[in-house]
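Morning, everyone. I have one structure to walk you through today. Please have a look at it on the screen.

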Amino acid sequence: MPTSVMPTSKRNGPRPPAAVSAVGLRKSYGDKAVLDGIDLAIPAGSVFALLGPNGAGKTTTVKILSTLIAADGGQAQVAGHDLAGDPQAVRAAIGVTGQFSAVDGLITGEENMLLMADLHHLTRREGRRVSAGLLERFDLTEAAKKPAAAYSGGMKRRLDIAMTLVGSPRIIFLDEPTTGLDPRSRHAMWQIIRELVAGGVTVFLTTQYLQEADELADRIAVLNDGRIVAEGTADELKRLVPGGHVRLRFTDPAAYRAAASALGDATRDDASLTLRLAGDGSQRALRSVLDRLESARVEADELTVHTPDLDDVFFALTGGAVVPDPHEETVR
Amino acid sequence: MNSLPLAARDASTMLRRNLLHARRYPSLTLNLLFTPVMLLLLFVYIFGDVMSAGIGGGAGRSEYLAYLVPGILMLTIGGTTIGSAVSVSMDMNEGVIARFRTMAIHRGSVLIGHVVGSVLQCVLSVVVVGAVAVAIGFRSVDATVLDWVLAVGLLTLVSLALTWIAVGMGLSSPNAEAASNNAMPLMVLPLLSSAFVPVDAMPGWFRPIAEYQPFTPAIETLRGLLLGTETGHNAWLAVVWCLALAVLGYVWSRSLFEREPK
């Protein structure tokens, strides 16, 4: 799967068809422009993450691409069908799992599944088979006869995805699929998403968790205030922001002073006996640091490598919070 | 691919979903039955002797029961459709409706499922309240088979008309409480009709209110069918009222449903 190719760059072989493409999507509510010209090109079979803070326009984007609401401007194709021109064809190709579980709480999990099977016009037998299989796969067989309203958050989300899969969609929109889930359920959801992708499904994911985008997505677009402010692979985005360093911490002031003189280019923090060295954390950079410490015969009590993570990128790009200054960052 | 069978299939799936809701949570339907049954017993056993004077001709309690039942049956329909407005409004706040909107199903099937389910509930409620009426002595002596068929047809038509209006009220209400309040006229209008006393017995200023509303002609027509009283032009008026309300409610509900969700 291509993971690091910009839309404009050359690649070998034929381009996979775009599962989702959009040009200049706009949406306003009253005076407020929620989406201010969004361009997207998502190859089939990939995972795309739309990352942004609350209110950035993530859910609005999903609502437009899943035909729930109409864009005010711009155009988009989903699964090769025009959103405005043939929404029913788009609907036949997609599955949507919203931020708030789209399950019918008044009926049981099994009844929810059979409802989906009926709406996808499966035969009764086929419907029962598909529904039982998916309930089993998402570990819901035991709870199948209970009303969905009694499910935990993680179970509801699993039922939600299971319902989405009844129609075997080729493109799945997941709007903040792990928001509000505990860590175990979150990891279970990640595993589900990876399995979907392994099955050839295109996943369009929104999230406010950087780690999630980093874990799952082939490409990430950072959405802020209705605009895409950066797009690329996780690595490409991380390269946009400097801030990688190695940090050495000492308990013995003498060792600290010896190390500081051996590593002349280090930034000193005398109060906490900590040295920081700018660097990308590569093996070579680390070896050079260790060699210099070795020859000065000092040993650090703690060595940590800090690479810029998506948090740094996120804060730098969205400008919503103070970008931590490497020189003033306190010891974690 | 023919779209009509698909539409019918989707609508019947949605109907099954609503019937499942009603069967699983019968309290809403049962609560709504309480009011017409209570009014029936109250007006017959407590106010009966006084009220019978209002219908003239030296009538007694049993004559008043006969007079009252058609109105109570119409009021039952009005009350049941309040429940429909509430359940539509509750349903629209469910995430699953958003899911339906992103699926390649017949657009109107969600509403049609609600409407057919509500009409069935209305008919069932009418049967229950009618059974109570029969149990306390109501008899329809003169009605022919055709009269009965027409009576059932009229009750169904009224149910359909009021249900479409109720669905519109449910769709336009932000939550269940608001839907219940907004749909109140469906219960209040029969109280202001000829259900309890003839329009002629009302004060002059009030008569137009009782006369120019759908319940009075519908009740008078039902009375004519079940008791053989004079219906006059009420039958046509009732049908026109019902068709007009059904079409209005349908157009209103469709446009509300097609409106962009928030």
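Start with A:L51. Across from A:L51 stands A:T207, a residue of β8(A). Keep in mind that this is a predicted model.

Now the strands behind that pair. β3 of chain A covers residues 47-51, and β8 of chain A covers residues 202-207. They pair in the parallel sense, over five bridges.

What packs on the sheet? Helix α5 of chain A, residues 153-165. This helix touches β6 and β7 of chain A, and β7 is residues 171-175. The direction of α5 makes about 170° with that of β6(A).

Next, the whole sheet. Read the chain A strands in order: β6-β7-β8-β3-β9-β10. That is six strands in an open sheet, with mixed pairing. Which strands stand at the edges? β6, residues 94-97, and β10, residues 227-232, both in chain A. Each has a single partner strand, so one side of each is left without a neighbour in the sheet. From one strand to the next, the twist averages 15°.

Step back to chain A as a whole. Its secondary structure comes to eleven helices and 14 strands. The chain has 332 residues, and 44% of them are buried. Take the contacts in chain A between residues at least 6 apart in sequence: 70% of these join residues at least 24 apart.

Over to chain B, and one helix there. α12 of chain B runs over residues 234-258. Here is a quick check on its length. It has 25 residues, and at 1.5 Å a residue they should span 36 Å. The end C-alpha atoms of α12(B) are 36 Å apart, so the two agree.

Which residues of α12(B) are buried? B:N234, B:A238, B:W241, B:C242, B:A246, B:G249, B:Y250 and B:S253. What covers these buried residues includes three helices of chain B: α6 (109-135), α7 (145-172) and α11 (215-227).

Last topic: where the chains meet. How many residues of chain B are in contact with chain A? There are 20, and they contact 23 residues of chain A. On the chain B side, α1 (3-24) and α5 (95-101) each supply at least two residues. The largest share comes from α1(B), with seven residues. By class, the side of chain B that touches chain A has eight nonpolar, four polar and eight charged residues.

That's my tour. Over to you for questions.

Key
Residues numbered from 1 in each chain as written. Chains lettered and ligands numbered in written order. Predicted model: local features only at pLDDT ≥ 70, side-chain atom pairs only at ≥ 80, totals over all residues. Pairing = 2+ DSSP bridges. Helix = DSSP H or I, 4+ residues; strand = E, 2+ residues; numbered from the N terminus. Axes fitted to C-alpha atoms, helices over the stretch in contact; angles between N-to-C directions. Contact = placed C-beta atoms within 7 Å. Expected span 1.5 Å × (residues − 1). Buried ≥ 20, exposed ≤ 12 C-beta atoms within 10 Å, placed from the backbone. Nonpolar A, V, L, I, M, F, W, Y, C, P; charged D, E, K, R; others polar.
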